[in-house]
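Here are some friendly notes to read alongside the model. Please keep the structure open as you go through the points.

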Amino acid sequence: MDPLNEQAPDSVLAPPPSDQIPNDGTGVVALDPYLEPYKPALRSRFSKAQQWIDTINSTEGGLEKFSRGYESYGFTVSPDGTITYREWAPSALRAYLVGDFNGWNRDSHEMRRNPFGVWEISLPPVNGKPAIEHDSKIKISMVVPNDQARAERIPAWIKRVTQDLSVSPIYDARFWNPPQKYVFKNARPKKPASARIYEAHVGISSPEPKVATYKEFTQNTLPRIKHLGYNTIQLMAVMEHAYYASFGYQINSFFAASSRYGFPDDLKELVDTAHGMGITVLLDVVHSHASKNVHDGLNYFDNSDHLYFHEGVRGRHELWDSRLFNYGHHEVLRFLLSNLRFWMEEYQFDGFRFDGVTSMLYTHHGIGTGFSGGYHEYYGPNVDEDGIVYLMLANEMLHNLYPDSITIAEDVSGMPALCIKLSLGGIGFDYRLAMAVPDLYIKWLKEKQDIEWDMGALCHTLTNRRYGEKTIAYAESHDQALVGDKTLLFWLCDAQMYTNMSTLSEFTPVIERGMALHKMIRLITHGLGGEAYLNFEGNEFGHPEWLDFPREGNDNSFHYARRQFNLPDDHSLRYRFLNEFDSCMQWMEEKYGWLHSPQAFVSLKNESDKVIVFERAGLLWIFNFHPSSSFTDYRVGVEEAGTYRIVINSDSPAFGGLNRIQEDTRYFTTDFSWNNRKNFLQVYIPTRTAMVLALESTLDPNWKANVSLGF
C-alpha cells in the first residue's frame, strides 16, 4: 500500500492512513527511511501542532473561527452602520481613535481595554451615515509607558494605506468602506492538475517607464498570459510594502493591497477576470519577516519590542534589516492565519507562494549556513519548531477550508517532508521550488564552454527531488532578473541583443546560439524538472537587460523597472519567435499533461554527443546540446512501439529556427531493445536542437498547426 495515494483527509487530526502508518507524525518515515533516527523530532512538531489546534478549539471555537480575525479586529461595520475598531496593544496605558472624522482631536474618542490588552471603540451612525467618511485618514493614538509623546500608529489590521512621496514616505491609513461593494462574477477555477505558473509584478507590467496599474494588468497582461497558455499567475508585491524597490518583501500593512497600482476593487477585478479566463491566481505572501518601520508598520506598535515579534536579537534579521515574528504566540497566530484567510475571502485568491520559508524553518534563518543535504541539518537546536508548526497550521487551515487551494514553499535548504501531507507528519505544502536548477544554468553560462556541459549533471539536477514531494521547475525567476545578474538570454547574447535581434539584421552565431539554447533550456526544464513549471514575466521572450527599480542609486529611473512587451509584438524582431515557442510548450503540456505524469525515464545521457533522450507522458524527448555536431539516423530507444510524429520542434522557422528538420516525417519503431527500451527509432538531430515526438494515434487533425503555433 502506498501511503501517498491514501485518501485520508489532509489533516493532523486525521485517522492514520492505514493500520501500518502511525498517527504520531512519523508516518513520513515509511516514505523516507532515512528519517528513522529523527522520529522524536517529528513527533515533537506534530504534537505541538495538535496542542495548538486543541487550544484554538477550546478557546476560539476552532481554526475556522480563529482565522476570521479580520471580522473582529481592525475596522468592521455592522448592518446598521455602526463602526467598531479593535486593536491588540497590551503595553498601551490609554488609546484613542483619531482622524479626519474628529478633526484629529487626540482626546475625544477614547477606547476601552479588555483584560487581554485589546482596545475597542464603537461609533454609531451620525444622521444616518457612517461616523467615519469612506477613504478618510485615521490613526490610533496611544499613551505608552516611558514616553512623553503619544505613540501614533497605522492600525495593524488596516485594509487600505496610501503614500504621497511628495509629502512623506510614511503611509497614511484610510478607512475603506465603499458604498458599493465589488461583486465577483466568476467562480474560482478548479485546481490545475499541472500548474504552469506566470510569476508577475503588476507595477512593472508595462513597456512604459512608470508604475503600471491593476487595471492595465487586467486589460493588457492577462490576455498575454492566456495566449501563452499559463494557467496560474503568481502575483508579487501586492501586500503593501514600505519601499517600491524592495520587490514587495518589506511588508508594513499585511491586510492592505498596494495602493501604488490602484484601488482594492481594481485588484478584485483583476483576480475575477483571471478566473473568468480559467486562470488560478496565487499571492506572494511574506510571513517570514516584516518591515522595521515604526510609524507605519508593526514594529514597536504599542512601544514594546515584543508585540508581534521576538524580543531583542532573536526578533531581528541581520541581513534583511527587518523584524521576525514570534510564531509561538497566540495573537501572532491569529494575525497571520487571519491574514491568509482574508486574502482568500476578500480578494478570492486561490493560494499562496510563501516567501523566505528557509528563514522560518531555522533559528539561524539560513544566514551563513550552507546546506549539504545531511539530515542532521534539518533537526535539532537550529530548527525553529514554532515556525514549522505555524506553517503546518497554515497549510492545515487552507487545505481544509479550501480544498483546491495551492501552497508553494520557497526553501533553499531542502527540508524533508515539506510537501508531504500533515497526517503523515509533513508540513503540508503542495509544491516546493527547485532552486538549484536556475543556479546550475547561470553557473555553466558563466564558467563553462558549451562543449563542457555535463549531460549527466544536468539530468541529475533536473530529476533530483524528494520522493512524493511535488517540485516547481524553472530556468529563471525574478531572482535571476535583478540588477547585478542577467536574464538567460542576456547571458547568452549580451551586447548583440541591442544590435542583432532584428530580422533585418545578420543572424549571427551568437544570436543563433542564444536563441537555440534559450528554447532548449526551457524545454528540458519543463519536461524533466518537476511537477509544475514557473516563468517570470518577460523571460518567455528573452527580455533584455536586468530588472532595477527606481532608487537613489539610478536617479529614480523607471528605465529598467518595466517589461518591454512591445518587443514580441514587433514582427520585425526575433523576440516573437521565443514568445511563440513558450506558448507552444504551455499548450502542448495542456494537451499531454506531462507535469502531472510520473517522473521521466531517462534512457540516454551521452557525454560525447551531448545528447539527452527521455520519455514522459507517452512522449519521446530528444535534445542535442552539442555546439557543432549534427547526427543523422541517430538511434534512440523508446518503450512503446508505433509510428511517431513531431509535436514540438525547436528548429521550426516559426520559432526562429533554421528549418533543418522535416516536420512531416513519420518515425517508425523497430522491435529491437536499445538503451533499456523495448524499441528504437532513428532521427536526424541537428546541433542545438530539441524535438518532442508523440504517437501518431494521439494527434488531432490539426497536429501540424500545433507544431508551429502551439494551439
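**Notes on pockets, cavities and contacts**

1. Four elements, β19 (431-433), α8 (436-447), α9 (455-463) and α10 (478-481), each supply at least two residues of the lining of the second largest pocket. Helices here are DSSP runs of H or I with at least four residues, strands are runs of E with at least two, and both are numbered from the N terminus. Among these elements, α8 gives the most to that lining, with 4 residues.

2. A word on the ground rules: this is a predicted model, in which local features need pLDDT of at least 70 and side-chain atom pairs count only at pLDDT 80 or more, while totals for chains, interfaces and linings use all residues. Residues are numbered from 1 along each chain as its sequence is written, and side-chain values use heavy atoms, with hydrogens and water left out.

3. Back to the second largest pocket, which has a volume of about 680 Å³. Of its 27 lining residues, V412, G414, M435, A436 and N464 are the closest to its centre. A pocket is an open set of points on a 1 Å grid over the protein atoms alone, with protein on both sides within 12 Å along at least five of seven lines; a cavity is a set where a 1.4 Å probe fits but cannot get out, and lining residues have an atom within 4 Å of a point. Grid points are joined across faces, edges and corners, and a volume is the space filled by probe spheres set on the points. By class, the lining of this pocket has 11 nonpolar, 10 polar and 6 charged residues. In that scheme Ala, Val, Leu, Ile, Met, Phe, Trp, Tyr, Cys and Pro are nonpolar, Asp, Glu, Lys and Arg are charged, and the others, Gly among them, are polar.

4. How many cavities of 30 Å³ or more are there? The count comes to 5. The largest cavity has a volume of about 90 Å³ and is lined by 13 residues, with E512, A516, D651, G657 and R660 nearest its centre. Helix α12 (residues 509-528) provides the largest share of this lining, 4 residues. The lining of the largest cavity has 4 nonpolar, 4 polar and 5 charged residues.

5. The second largest cavity has a volume of about 50 Å³. Its lining includes E199, R353, Y474 and H478. By class, that lining has 3 nonpolar, 3 polar and 3 charged residues.

6. Next, the salt bridges, of which the count is 51. Each is a side-chain nitrogen of Lys or Arg within 4 Å of a carboxyl oxygen of Asp or Glu. K292 and D321 form one of them (2.9 Å, N to O). This pair links distant parts of the chain, 29 residues apart: K292 is in the loop between β14 (280-285) and β15 (316-317), and D321 is in the loop between β15 and β16 (322-323). K292 is partly exposed at 41% relative accessibility, and D321 is partly exposed at 44%. Buried means under 20% relative accessible area, exposed over 50%, and partly exposed in between (1.4 Å probe, protein chains only).

7. Are R323 and D305 buried or exposed? Both are buried. Their salt bridge has its closest N and O atoms 3.1 Å apart. R323 lies in strand β16 and D305 in the loop between β14 and β15, so the pair ties together parts that are 18 residues apart in sequence.

8. The side chain of K610 meets that of E607 in a salt bridge (3.9 Å, N to O); E607 is partly exposed at 32%, whereas K610 is buried at 6%. K610 sits in the loop between β22 (601-606) and β23 (611-616), and its phi is near 60°, a positive value in a residue other than glycine.

9. Q348 is a further non-glycine residue with a positive phi, about 65°. It lies in the loop between α5 (330-346) and β17 (351-354) and is buried, with a relative accessible area of 19%.

10. In α7, 14 of the 17 residues are buried.
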